[in-house]
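Here is a short briefing on one structure. Look at the model first, then read the points below.

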Amino acid sequence: MGFRDECGVVGIFGADNAASLTYFALASLQHRGQESAGIAVCDCAGDEAENQDGNPGNKITLHKDKGLLTDVFGHHSFENLRGNLAVGHVRYATAGGRTVENAQPFMNAFKFGGIALAHNGQLVNYESLRQTLEDSGSTFSSTSDTEVILKLLARNLIALCNSGGKSRVSIAMIEQAVRATVSMIKGSYALCIMTQNALIGVRDPNGIRPLCLGHVAGGLILASESCAIDAVNGQFVRDVEPGEVVIISREGVRSIRADSETDKQTCVFEYVYFARPDSVIDGIAVNDARMRMGEVLARESAVDADVVTGVPDSGLGAALGYSKASGIPYVTGIIKNKYIGRTFIAPTQKERENMVFVKLNAIRSDLSGKRVIVIDDSIVRGTTSRRLVEVLRRAGAKEVHFRVSSPPVKFPCHLGIDTPSKSELISSTHELEEIRREIGADTLAFISLGGMIDALRSCQKTSAADSLCGFCEGCFCGRYPV
């Protein structure tokens, strides 16, 4: 078993079919989470739109459940999801259990309006914040850290309305409340927040979790990856900067930059594994980064072989790069069964390990009698790698040389990736030769940390100053930005 994915968030403002556009954008982010999905939508309430109570006249409608997008949303789901303002979410659990109560977006209705919030990331001060909120009378319906952010934001908005004697939430109040809320939370987060008159995007001060801004027909879109903007025929504008708050309303787009400068430290595994290869994150094209890592890997760990192959899907770019740099022919080699999702449940650990034989199969004509270099994105527990080597040998591979396009994973992630404990990480408890024997390969090599970072920086299409930005490398070295 390898890394678990993070989550994907989307927000759309100003498009007549906001919910359906959000659905298609989320479909392009399904790789980031397969446990639950949800969309919240409303019609943007202008200053003139009020109900009899003096509150914004259009309420937020929410639909969410466990499962893939196609499980959660049917043809009739969108009949009640009408409006030009929406936020959506696909989830893989990090903080909080895998229950429908933890599905996102979260919504909070109060006397001055309502809020819906979708979150990718993980708070490190979640427990203390929740305790503080409970001590002051807040109640919770989930175990998710996202609900803590929602409760803080609602509390701040209500306090502003009460202190100002207002009966409705203004854009200025939203700005104040969001800034007050993000000053209290620590960790990694990319947030899409929806009120009845605005869409807000927030990225954590280190930019650990990605978030980008684009144009879409009739409005604007926020998304975890640029591929989601492409999926709705939109136009990518830029990445949201670390610590930036973007407020989109009928007044236009307002950007609030962080009060103090912070070092950008994007999660390095976005490029290694999580992001789709057709995405661009912080000026780095993901597929280019993977190919470049493969080229560096070929220089650092050359070996005589007949063919190079990659483990679908995130190992393919690195395998092509390795082939290009080494001159060794690339072959398809391994086929992935696309119809076995990550949510497929096997009841025992042994059966879960054997799922590799169901998910992956080798092309005998590509590999039989040949010395094979196989490229994977990472080795976590080692069980998947061992089964993969078995698959290749069963197909007649004469030698199997295992190459990994990321350094050894020795530490768990505390910032939004569901990783095993340190004791379960094979590179934390075994030396290189022990791992090689454990997985059954003829040789084994990982890319160096310096080589991987150099590969990433060589792909940046940004200014010289921006090229000095760093990456979160905590899972390799134990040093975290938060």
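Start with a loop. Asn-125 sits in the loop between β6 (113–123) and α3 (126–135); helices (H or I, at least four residues) and strands (E, at least two) are DSSP runs, numbered from the N terminus. This is a predicted model, where local features need pLDDT of at least 70, side-chain atom pairs count only at pLDDT 80 or more, and totals for chains, interfaces and linings use all residues. Residues are numbered from 1 along each chain as its sequence is written, and side-chain values use heavy atoms, leaving out hydrogens and water.

**The loop residue**
- Asn-125 counts as buried because its relative accessibility is 14% (buried means under 20% relative accessible area, exposed over 50%, partly exposed in between, with a 1.4 Å probe and protein chains only).
- Leaving aside residues up to four places away in sequence, Asn-125 touches Met-184, Ile-185 and Lys-186 (contact means heavy atoms within 4.5 Å).

**The sheet**
- Four strands form an open sheet in the order β17-β20-β21-β22, with parallel pairing (two strands pair if DSSP finds at least two bridges between them).
- β17 (307–310) and β22 (443–446) are the edges; each has a single partner strand, so one side of each lacks a neighbour in the sheet.
- β17 and β20 (residues 371–376) pair over 4 bridges.
- Val-308 has Ile-373 in β20 as its bridge partner.

**Helix on the sheet**
- α8 lies across β20, β21 (399–404) and β22, at about 125 degrees to β22 (axes are lines fitted to C-alpha atoms, for helices over the stretch in contact, and angles run from 0 to 180 degrees between N-to-C directions).
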